Amino acid sequence: MVFNTGAALLDAIVLAAVSKAAEGSYGYRITQDVRKAIDISESTLYPVLRRLLQEECLSAYDRAIDGRNRRYYKITEKGRVQLNLYRSEWSVYSANITRIFKEAGI
Amino acid sequence: MKKQEFLERLEYLLQGIPDADREEALAYYRDCIEEAGEEDEEDVIARLGSPERAAALIRADLSGNLKDGGSFTDNGFTDERFRDPNFEVANRLDLPDRVQDQEGSGETHGDGAYFQADPGGSAGPGASNSGPAGSGQTGGAPGKRGSGFVRFAKAVLIVVLVCVASPFVLGAAGIVAGIVSFVGAVVITAILVTVGLTVLAFIIAAALGAFGVVFLLGSPLNGMFLIGLALISLGCGVLGAVLTGLVFWMAVLLVKVVVKLARRLIGSRTAKRKEAGRP
């Protein structure tokens, strides 16, 4: 892909991936989901998750799976508000870009 | 690299950060590798990049350096500020051993500029969405004007700097010129003195030789003594001549090298000008 993903868009994608399931999601699965959209590694995702936790857009809890703890990330109310904002901004933004392309007759 | 190796290296690299942060980061990385399962372990570790890069990201995050700036490109995470030569960690933030060609770095530079303009538009909750296409255009223009202004400001700064520094520069130039001319004078004097002494030595040798031969007829001892002195003087003369020749040879060599260098410099510059002029 030739387009870059800014921090805001990455936040939006991660928030969306986390909120897919009601129980939340864990690091490896979040990466798998995010990687459906953009090529990214767990290493890059870690600071993003940390920041979203600090900003209280996400909350974390541990769950015992197969005899060890798996850290789950869950979207908070604040995170949901933020995600909605991102989604509406994105739909306006992407619609405008698409319109420009259509006007160019592609 | 195996899981244990990766985690141990990461733990080693994360020394000095708070224990809680280190434990959290290590737990995250351990989880990621373990979730992948044994058959995908190699893949996920390859994707994580080097432990050095992971540690650099974690540290940059902890010190608040990831808050703003940076963008996620095809090549991974790039942050213009980490291009700073003082920040050796920079290249490791991206996947290691990836050599960026000129074109690629140019692209990321451009994208960096784009990225800086981005958060204001999308992240700001109060941003109005009236005519985003128009706002995009106005967003582009100040950028250009800004770079022009920056260039102008830089030019002014350089002029001011030159004005302020000129006394020092002139003083330094004077000192350098003085030293150069002094050294030159000393060298020339030394050469002249050597040449003069050489010539003198030859003359003395000839004179002493002549006297020696004459004296040899009257008092052989004195004559032989004078001839010996003449031979010593002749030796000194030969030594002086050899030294003079050596110095001349070196001077000629030096001049040749300087001329060659100058020619190459001028040549490459004109070649560049020709290239620039073609398109």
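User: Where is B:S50 placed in chain B?

Analyst: In this predicted model, B:S50 sits in the loop between α3 (41-48) and α4 of chain B.

User: Is B:S50 buried or exposed?

Analyst: B:S50 is buried, because 20 other C-beta atoms lie within 10 Å, and the cut-off for a buried residue is 20 or more.

User: How far is B:S50 from B:L10, in sequence and in space?

Analyst: The two residues are 40 residues apart in sequence, and their C-alpha atoms are 9.0 Å apart in space.

User: Is the crossing of α1(B) and α4(B) right-handed or left-handed?

Analyst: The crossing of α1(B) and α4(B) is right-handed.

User: Which residues make the contact?

Analyst: From α1(B), the contact is made by B:F6, B:R9, B:L10 and B:L13. From α4(B), it is made by B:P51, B:E52, B:A54 and B:A55. By class, the contact of α1(B) with α4(B) has six nonpolar and two charged residues, and no polar ones.

User: Let us step back. What does the secondary structure of chain B come to?

Analyst: Chain B has eight helices and two strands. From the N terminus on, its elements run α-α-α-α-β-β-α-α-α-α.

User: And how many of its residues count as buried, as a percentage?

Analyst: Of the 279 residues of chain B, 16% count as buried. Turning to contacts in chain B with a separation of 6 or more, residues 24 or more positions apart account for 55% of them.

User: Now chain A. What are its elements, from the N terminus on?

Analyst: The elements of chain A run α-β-α-α-β-β-α from the N terminus, which comprises four helices and three strands. Buried residues make up 42% of the 106 residues in chain A. Among the contacts in chain A with a separation of 6 or more, 48% are between residues 24 or more positions apart.

User: Which residues touch the most other members of the largest nonpolar core?

Analyst: That core has 45 residues, and A:V14, A:V18, A:I30 and A:L49 touch the most other members. Helix α1 (residues 7-18) of chain A gives the most to this core, with 10 residues. Another core, of five residues, lies apart from it; B:A201, B:L208, B:L226 and B:A230 are among its members.

User: At what angle do α1(A) and α3(A) cross?

Analyst: Their axes cross at roughly 80° and come within 11 Å. That makes α1(A) roughly perpendicular to α3(A).

User: What makes that contact?

Analyst: A:L10, A:D11 and A:V14 of α1(A) make the contact with A:V48, A:L49 and A:L52 of α3(A). By class, the contact of α1(A) with α3(A) has five nonpolar residues, one charged residue and no polar residues.

User: One more helix. Where is A:Y86, and is it buried or exposed?

Analyst: A:Y86 is in helix α4 (residues 77-103) of chain A. With 20 C-beta neighbours inside 10 Å, A:Y86 counts as buried.

User: Which residues is A:Y86 in contact with, beyond its neighbours within four places in sequence?

Analyst: Leaving those neighbours aside, A:Y86 is in contact with A:A8 and A:A12. The C-alpha atoms of A:Y86 and A:A16 are separated by 9.8 Å, and the two residues are 70 residues apart along the chain.

User: Last topic: the backbone. What is phi of A:E56 near?

Analyst: Phi of A:E56 is near 60°, a positive value in a residue other than glycine. A:E56 is found in the loop between α3 (42-54) and β2 (58-65) of chain A.

User: And why does A:E56 count as exposed?

Analyst: A:E56 counts as exposed because it has 12 C-beta neighbours inside 10 Å, and the cut-off for an exposed residue is 12 or fewer.

Terms used
Residues numbered from 1 in each chain as written. Chains lettered and ligands numbered in written order. Predicted model: local features only at pLDDT ≥ 70, side-chain atom pairs only at ≥ 80, totals over all residues. Core = buried A, V, L, I, M, F, W, Y, C linked by C-beta atoms within 7 Å. Left-handed = near helix turned anticlockwise from the far one by under 90°. Contact = placed C-beta atoms within 7 Å. Nonpolar A, V, L, I, M, F, W, Y, C, P; charged D, E, K, R; others polar. Axes fitted to C-alpha atoms, helices over the stretch in contact; angles between N-to-C directions. Parallel < 35°, antiparallel > 145°, perpendicular 65-115°, else oblique.
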